[in-house]
Amino acid sequence: MSDDWNDYADGWDGNSDVRHYANRAFAALDEDAGISGGGWQARRVLDFGCGTGLLSEKLAPHVKEVVAVDTSERMIAVLQDKALPNVRALHADILDGSAGGAGTGLSGFDLICASSVCSFLPDYGGAVAVLAGLLNRGGMFVQWDWLASGEDASGLTLQRVRDALGAAGLGSVRVEQAFEMGSGGQVMPVLTGVGFRAAE
Ligand SMILES: C[S@@+](CC[C@H](N)C(=O)[O-])C[C@H]1O[C@@H](n2cnc3c(N)ncnc32)[C@H](O)[C@@H]1O
């Protein structure tokens, strides 16, 4: 398996497992936050580690703008080819400290989603802290990742996510198993972590 996400870009949308993962993540988020209910039309969303934008596509019709960022140039190229009207697709590393400056549009988000991204980051806790700083007051952070069976297993443990969201200053934190993915006879649990930036 390649460790360069660019190598997966062309075949990403043809993979029924990743499409199913995005469908399940959006359904869970919609149930939780009522995205499709009409109340999000003026709100801005960051899809962090958006890949080819499978989640951005679902969010975009219900919000003002989706800023979709990814460090893989080819994933972003696939998303740009979709020409989604209110999706701004950016090839950028927003964790490097350069994001969020005045006029960049890379801060002031009402919702930040990270779907199957956080467990692949070298500094997961540091990333959540940066992302939390890009939220508007009262804004919501949500992630989905493979649920690890123990500290040394791949994915993230519920406790690690609780610790990271708490250390990033997020409140009303909820971390739990969200859904399961079945593939090749294996069932793999997916966790969700949700937290909010304080309103005041
Ligand atoms: C498993 S894919 C998930 C893609 C998409 N969220 C989805 O669910 O289809 C992980 C993605 O995270 C991106 N990624 C990894 N590190 C990143 C970083 N520091 N900033 C932004 N994106 C990153 C990769 O390039 C890749 O597109």
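The largest pocket is lined by 39 residues, and W5, W12, S115, S116 and F120 are the ones nearest its centre. Its volume is about 900 Å³. The model is predicted, and the ligand takes up the space of this largest pocket.

**Pocket lining**
- Seen by class, the lining of the largest pocket consists of 23 nonpolar, twelve polar and four charged residues.
- The largest contribution to the lining of the largest pocket comes from α2, which gives four residues.

**Pocket size and elements**
- The largest pocket, with a volume of about 900 Å³, draws two or more lining residues from each of α1 (9–12), α2 (16–33), β1 (44–48), α3 (54–59), β2 (65–70), β6 (171–183) and β7 (186–196).

**Ligand shell**
- The ligand is surrounded by 16 residues, with W12, G49, D70, S115 and S116 the closest.
- Nine residues of the shell around the ligand are nonpolar, six are polar and one is charged.
- W12, S115 and S116 are among the residues closest to the ligand, and they are also among those nearest the centre of the largest pocket.

**Polar contacts and cover**
- The side chain of W12 has an N or O atom 2.9 Å from an oxygen atom of the ligand.
- At G49, a polar backbone atom is 2.7 Å from a nitrogen atom of the ligand.
- At T71, a backbone N or O atom lies 3.5 Å from a nitrogen atom of the ligand.
- On its own the ligand has 600 Å² of accessible area, and the protein covers 93% of that area.

Terms used
Residues are numbered from 1 along each chain as its sequence is written. This is a predicted model: local features need pLDDT of at least 70, side-chain atom pairs count only at pLDDT 80 or more; totals for chains, interfaces and linings use all residues. Side-chain values use heavy atoms; hydrogens and water are left out. A residue is near a molecule or strand if one of its heavy atoms lies within 4 Å of it. A polar contact is a pair of N or O atoms within 3.5 Å; within protein, one must be able to donate a hydrogen and the other to accept it, and residues adjacent in sequence count only if both atoms are side-chain atoms. Accessible areas come from the Shrake-Rupley method with a 1.4 Å probe; for residues, only the protein chains shown count as cover. On a 1 Å grid over the protein atoms alone, a cavity is a set of points where a 1.4 Å probe fits but cannot get out, and a pocket is an open set with protein on both sides within 12 Å along at least five of seven lines; lining residues have an atom within 4 Å of a point. A molecule sits in a cavity or pocket if more than half of its atoms lie within 2 Å of its grid points. Ala, Val, Leu, Ile, Met, Phe, Trp, Tyr, Cys and Pro count as nonpolar, Asp, Glu, Lys and Arg as charged, and the others, Gly among them, as polar. Grid points are joined across faces, edges and corners, and a volume is the space filled by probe spheres set on the points.
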